[in-house]
Amino acid sequence: MRLTVFGATGGTGRHLVRQALDAGHEVTAVVRDPARLPIDHPALDIVVADIFDAVSLKPTLDGHDAAVSVLGPRGRTDTTPVCSAAISAILAA
């Protein structure tokens with residue numbers, strides 16, 4: 001299966017990417033900063049994209065079987081609408 005993972009550099013995202021790779025899946029990890037995803041695997045494609053821009057997200061979804069979002073706020077005081085804004089862009093893509 002070919003998966004796209006949004007939020008791949010967070011704690012949950014890194015675990016999801018690792019488990020998907022260990023299960024034999026191909027993973028496209030959508031990130032802002034590739035240095036924050038310390039996983040090296042031949043079935044892993046790390047792509048820098050703007051999660052709020054559907055046009056930049058479309059190539060990360062083309063040819064994939066599923067998309068998973070593990071996006072979330074950076075902490076308890078982060079009030080930015082990252083999840084709702086990003087999901088709107090992901091669905092549009």
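**View 1. Val 30 faces Val 47 across two strands.** Val 30 stands opposite Val 47 in strand E3. Strands are DSSP runs of E with at least two residues, helices runs of H or I with at least four, numbered from the N terminus. Five bridges join E2 to E3, and the two run parallel. Two strands pair if DSSP finds at least two bridges between them. This is a predicted model, where local features need pLDDT of at least 70 and side-chain atom pairs count only at pLDDT 80 or more, while totals for chains, interfaces and linings use all residues. Residues are numbered from 1 along each chain as its sequence is written, and side-chain values use heavy atoms, without hydrogens and water.

**View 2. Four strands form an open sheet**. Their order is E3-E2-E1-E4, and the pairing is parallel. E3 and E4 (66-69) stand at the edges with a single partner strand each, so one side of each has no neighbour in the sheet.

**View 3. H2 packs on the sheet**. Helix H2 touches E1 (2-6), E2, E3 and E4. Contact means heavy atoms within 4.5 Å.

**View 4. Asp 53 sits in a loop**. The loop lies between strand E3 (44-48) and helix H2 (54-61). Is Asp 53 buried, partly exposed or exposed? Asp 53 counts as partly exposed because its relative accessibility is 30%; buried means under 20% relative accessible area, exposed over 50%, partly exposed in between (1.4 Å probe, protein chains only). Asp 53 and Phe 6 are 47 residues apart in sequence. In space, they are 13 Å apart, C-alpha to C-alpha.

Methods:
Axes are lines fitted to C-alpha atoms, for helices over the stretch in contact, and angles run from 0 to 180 degrees between N-to-C directions.
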